[in-house]
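Hi,

Here is the structure I promised to pass on to you. Have a look at it first, and then read on for what turned up when I went through it.

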Amino acid sequence: MDATKQLREAAEEILAREDVACLIGYEQGSYGFRVQPCILTDPGQTDRLIISPLCVNNLTNYLTLEQIGPLTKEAIGEQKIAIVVKGCDSRAITVLNAENGFSRDRLVIIGVSSPGVVDISKIEARFPNAVSPAEVTVKENNFVISCEGETSSIPQNELLASKCQRCKNAMPTVYDVLIGEEQPAKEDVFEDVAAAEAQNIEEKAAKWQEEFSRCIRCYACRNACPLCYCSDCMLDRLRPQFIRRSVTAVDNSLFHITRAFHLAGRCIECGECERVCPQSIPLMDLNRKLAKDVKELFDYEAGIDPEAKPLFGTFKTEDSDEGIL
Amino acid sequence: MDTLRLTKDKLNDFLKSISDVQLMAPIVKNGRTSFEIIENPDAVELNLDDYTATIKKAAFPQNETLFAYCSGKNGSEIKDVQEMPKTVVFGIRPCDAKAFVILDSLFKGDYEDPYYLKRREATVLIGHSCSEPTNRCFCPSVGGSPAGQEGLDLLFTDISDSAYAVEVLTDQGKAIIDSAGDVLTKADEADKVKCDEAAKAALNKIRRSVNLENIHELLPSAFNSDVWKEIGNKCIGCGICTYNCPTCHCFDIQDEGCSAAGRRLRVWDGCMYPEFTVHASGENPRKDRGDRIRNRMLHKFSFYPQNLGYVACVGCGRCIELCPVNEDLIEILNKVREAVNE
Amino acid sequence: MSFEPKIVAFLCNWCTYAGADLAGTSRYEYPPNVRTVRVMCSSRINPMFIVNALLEGADGVLVSGCHPGECHYVSGNYLARRRLVLFRRFLEHLGIHPDRFRMSWVSASEGAKWAEVVKEVTEGVRALGPNEIKREQEWMQQSS
């Protein structure tokens, strides 16, 4: 059965439940290849839901966003929130649960197996004039794209988001309902990180100073990240003000270094930070480096094992003493 | 004023003739265009497919030192560190030039902002008309056009594979042409016709539009409507729309330093952040993201037109392209209109 | 005149700070480049302190605490070690040489070790030259 149809049927059943207040899912966007998040409250609205390789957003972000409107305890009391998650997205739920950021029991998780999402900038570059709603489906190793009345078939690897090309989490790690067929996991040996590690120290410094000089401190990366939810964010603090509001390569470095490190052992590699950045800064490079080192030093991966404790909340007496005099 | 002709192979010569001033022009890095002060015009790349680069920084920089001070053994000193070198900005779209006109009306309004105005006076704008509007553009709906002239000193139009038509629109533009010597030639009638045709062709390619009829009264009448909650639900409060919008101009004033030395500076701020309206008491009158979107729409389409005579939107589509969750200004205004008409 | 690095050192109160004190009373000689900040435990160190120190103009940062297993607060240094070993690797990835951020375990009786640690860290930073990734504060200079 078509995944969208399966999803709508499951959603209708779930929204009809007494104990479910609302459902966060995806619906058609305002033009072309855009897909937007939606919050539904009535079973009659479920024909708006879609699931396709254009569904790039990580909806778990809405669970921890400040002032989460319809999702607060005041608004819905003991009722649950249903949420559509892809493989990578689902890891956020496990991390949030482990650190008491958001309890998994408040959710009805509709896990969707994902063959990978499209890199929206790549597809818009191939089809620049899409105004009427476009559709993308998967057929074998191709994406079938219907745009402005024409249909084309393009090999998946030409349009897949780079995170999906090495994805180990095609299947959601936690779910109450599963939509879609079994998807094979791909291999991830952190090739991209190894390539960056091979540069010498001056090249690394030059590269990152250049990247950070383009940052405009819009904080979209922070807001799009499901695991950035401190109500007292270091960026907004004034006493003391560690990170100045002036936008220079050096203060931008402080921002990104600190934010990436605050996500060490918590980042689920959903890639939203990089996707939303209006300046195309390769933020995932930072998070991937940390993920590689976290795995190597502590044998830990964020959001995979539901019983795992937060990385920096625990320790082993035999942890590495690397570089310590 | 005159229309001139510049063959494309002479573009570098033209840019090089702009001497004794700073040149801000588009360059491409990692596939992304940005407008930077450049030393060598060879680096200029008119990447007209990527329209998201910020231009307002030419007169309204993201960090602007208002003054600096230091005090020590030799007493104390206050330094006015404004640098206002003359800057020629080359290759902007007509919508971005119109945005400067809109910003001018504010910064020359009740209070004349000396920082912005000094920079604005020192800025010459050379535009490039659009031949391929994007699927996000909607400038005609807000009174603009792909070959609009408002705010520009010179306007380049692509009239063939080998040439531009250059329309001289102001005295400042004429001064630039004069110093370029014989790099430009006079345009003939055929060139002028091609110029008009290019403008019309581009206009016909714009497919999105928004109904702004009576918008400045319609929006306030919907102030208490629930439609704003629904619109605000998916917003993540990130600030991409405000920072990239060519007419957004909110700013914060920050002090940096200590008793020995420091500075006061102006930095961009955005109304989409919750912190924008937090009071010292902790109370926040615009707590919900829907409230903040409502405020932004009211500002651009109701308060600004009533107070300053312009809709504070140039239809460039940056907010629509860059919003991570597809908050689409056109869709928002249409939804509000629907809610009012029900 | 060779370059004199500025090194900020965060020392835990119970072990390293006492050890450094012992180095002083025992008259061990060591380079004067280190500026010490006393904290109660090495786990007080937020990675932001380290980067901020570098950005404010420090050429190197040293964090020193009790030996693993001997923390005055039982497990503080274990938690600090996890964070800071990872952080050092991360800083290298961003172009900040690992010799600019060092850690050491120095106990209250290890005055001699403290002197050696400071020597080693200072020479390591001296060899790298001044830190370039720092806040430009030209308005800090008096013009006369």
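Along the sequence, chain C runs β-α-β-α-β-α-β-α, with four helices and four strands (helices are DSSP runs of H or I of at least four residues, strands are runs of E of at least two, both numbered from the N terminus). Its radius of gyration is 15 Å, close to the 15 Å of the globule rule for 144 residues, so chain C is as compact as a globular protein of that length. That radius is taken over C-alpha atoms, and the rule is 2.2 Å times the number of residues to the power 0.38. The C-alpha trace of chain C spans about 50 × 35 × 25 Å along its principal axes.

Before you go further, please keep in mind that this is a predicted model: local features need pLDDT of at least 70, side-chain atom pairs count only at pLDDT 80 or more, and totals for chains, interfaces and linings use all residues. Residues are numbered from 1 along each chain as its sequence is written, while chains are lettered from A and ligands numbered from 1 in the order in which they are written.

Back to chain C. Buried residues make up 52% of its 144 residues (buried means 20 or more other C-beta atoms within 10 Å of the residue's own, exposed means 12 or fewer, partly exposed is in between, and C-beta atoms are placed from the backbone). Of the contacts in chain C with a separation of 6 or more, 84% are between residues 24 or more positions apart; a contact here means C-beta atoms, placed from the backbone, within 7 Å.

What do they pack against? After the helix comes C:Gly57, with a positive phi near 120°.

That brings us to the chain interfaces. Between chains C and A, 32 residues of chain C meet 29 residues of chain A. On the chain C side, α2, α3, β4 and α4 (111-128) each give two or more residues, and α3(C) has the largest share, with twelve. This side divides into 17 nonpolar, six polar and nine charged residues. For these classes, Ala, Val, Leu, Ile, Met, Phe, Trp, Tyr, Cys and Pro count as nonpolar, Asp, Glu, Lys and Arg as charged, and the others, Gly among them, as polar.

Chain A also touches chain B, with 35 residues of chain A in contact with 36 of chain B. Here β2 (35-40) and α10 (220-224) of chain A each supply at least two residues, and β2(A) gives the most, four. The chain A side has 17 nonpolar, 13 polar and five charged residues.

Within chain A, there are two domains, domain 1 (3-179) and domain 2 (191-313), with bounds from an automatic or database domain assignment. Their centres, over C-alpha atoms, are 24 Å apart. In the contact between them, 20 residues of domain 1 meet 21 of domain 2. Helices α2 (61-64) and α4 (87-98) of chain A each give two or more residues to the domain 1 side, and α4(A) gives the most, with seven.

In chain B, strands β2 (22-29) and β3 (32-38) run antiparallel and are joined by seven bridges (strands pair if DSSP finds at least two bridges between them). B:Val28 stands opposite B:Thr33. The hairpin has two residues between its strands, and B:Asn30 has a positive phi near 50°.

Finally, the largest nonpolar core has 225 residues, and those touching the most other members are A:Ile83, A:Val84, A:Ile110, B:Val89 and C:Val61. Such a core is a set of buried Ala, Val, Leu, Ile, Met, Phe, Trp, Tyr and Cys residues joined through C-beta atoms within 7 Å. Helix α13(A), residues 283-298, gives the most to this core, with seven residues. Leaving out residues up to four places away in sequence, B:Val89 touches B:Met24, B:Phe35, B:Ile55, B:Ala58, B:Thr123, B:Leu125 and B:Ile126.

Best wishes

Key: Two residues are in contact if their C-beta atoms, placed from the backbone, lie within 7 Å.
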